[in-house]
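Student: I have a protein chain open and would like to go through it. Can we start with how a helix length gets checked?

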Amino acid sequence: MKLPTERDLIAVAGIAASGLALISMLSARSARVRPTRSHLLAPGRSRSSNAATAKTARELNRAAGTLAASVLADSSVEHYRGSFKNKAMYTPLAVSALTLATSIHGTADTRPLAHKARDAAYLLAAATGVVGSGFHLYNVGKRVGGFSWQNLFYGAPIGAPMAILLSGLLGFCSERVREARRTRPRIFGLPAGRMIAAVAGAGLLGTTGEAGLLHFRGAYHNPFMLLPVTLPPVGAALLLSAAGGDSGRTHRFARWWMRVLTAMGVAGVGFHAYGVSRNMGGWRNWSQNILNGPPIPAPPSFAGLALAGLAALRLMRAHLDA
């Protein structure tokens, strides 16, 4: 396997550092602009409503950051295994690092105001996910046999770029919730809570499909491998039901289920680490087994989507028909 050169690694580090510096510069500049009272208190909206909406937005920033961190670690390992054969393989590393820094900034920002730099970073992440999906589809399709089960198992994972797309979408939604000037936050004219619940539910279904494909490749040799293909679809159904259901419902069971999925995403890291240790040489041969064993950074994607689902349900509870 041809390893990336020191020059390549310095280049991607430079791109990521430049992105982090840009976010820091723009955030510092915006922090010097003190929002006026007219910005903070729109007609018919109380201080408590502003605070509750900003809190939900910060939770969505946290969910977007969890997905971005998962993508950063996972794409680093997978693209390193691919020897960065295509220089575009550096892109998700730089963009996910930028998105992670953006989400950290948004999580720390308590103001009920959207941030243009965060918007730009999140839209870049969403665009990267769309383009990355095209690259991965092309990679699978050009192999001998085209779109066969063999190539789906061992080619570029088709669903992987969707994680950074979801991170960008959730981050963009967080900014729309934060800047809401009315009692019922809306995104593209639709109730914000319902739309975010639908996005998170669809994301859970897509992530389940990716996990199901790879766990099928592993022959489900461990019974716990069934959890990522059984629990998330139930959560997706609950979120989609909440998105299309009647207003005023508490969705208590759905909130409980999102917490279960969050715990599953965290526990999955431990299970995948155990899977790596079972390879020949265990952790003593970590440099090889991390590349060939189950992807340790992948399970937190479920946790990120579950956190987004929790934020959506909380928003729907705080604002009727939201």
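Tutor: Start with a definition: the expected span of a helix is 1.5 Å times one less than its number of residues. Keep in mind that this model is predicted.

Student: OK, so what span should helix H4 have, and how far apart are its end C-alpha atoms?

Tutor: Helix H4 covers residues 91–108, which is 18 residues, so it should span 26 Å. Its end C-alpha atoms are 26 Å apart, which agrees.

Student: How many of the residues in H4 are buried?

Tutor: 13 of its 18 residues are buried, so H4 is mostly covered.

Student: Take Thr 99. Where is it, and is it buried or exposed?

Tutor: Thr 99 sits in helix H4. Its relative accessibility is 0%, and buried means under 20%, so Thr 99 counts as buried.

Student: What is Thr 99 in contact with, leaving aside neighbours within four places in sequence?

Tutor: With that exclusion, Thr 99 is in contact with Ala 68, Ala 121, Tyr 122, Ala 125, Ile 164 and Ser 167.

Student: New topic. Where is Gly 146?

Tutor: Gly 146 lies in the loop between helix H5 (116–141) and helix H6 (149–154).

Student: And why does Gly 146 count as buried?

Tutor: Because its relative accessibility is 15%, and the cut-off for buried is under 20%. Apart from neighbours within four places in sequence, Gly 146 is in contact with Val 140, Gly 141 and Asn 151.

Student: What about the surface? Which residues form a nonpolar patch there?

Tutor: Phe 224, Leu 227 and Phe 271 form one, with about 260 Å² of accessible area together. Phe 271 is in helix H10, residues 252–277. With a relative accessible area of 36%, Phe 271 is partly exposed.

Student: Now the whole protein chain. How many helices and strands does it have?

Tutor: It has twelve helices and two strands. From the N terminus on, the order is α-α-α-α-α-α-α-β-β-α-α-α-α-α.

Student: How much of the chain is buried?

Tutor: 47% of its 322 residues count as buried. The accessible surface of the chain comes to about 15,900 Å², and 65% of that belongs to carbon and sulfur atoms.

Student: Last one: what is the mean pLDDT of the chain?

Tutor: The mean pLDDT is 83, and 81% of the residues reach 70 or more. Over residues 6–46 the pLDDT is below 50. Beyond near neighbours in sequence, that stretch has 42 contacts in the model.

Note on methods:
Residues numbered from 1 in each chain as written. Predicted model: local features only at pLDDT ≥ 70, side-chain atom pairs only at ≥ 80, totals over all residues. Heavy atoms only, no water. Helix = DSSP H or I, 4+ residues; strand = E, 2+ residues; numbered from the N terminus. Buried < 20%, exposed > 50% of the residue type's maximum accessible area, 1.4 Å probe, protein only. Contact = heavy atoms within 4.5 Å. Areas by Shrake-Rupley, 256 points an atom, 1.4 Å probe, with all protein chains shown as cover. Patch = residues over 30% accessible without salt bridge, like charges linked within 9 Å, V, L, I, M, F, W, Y side chains within 5 Å. Salt bridge = Lys/Arg side-chain N within 4 Å of Asp/Glu carboxyl O. pLDDT = per-residue confidence, 0-100.
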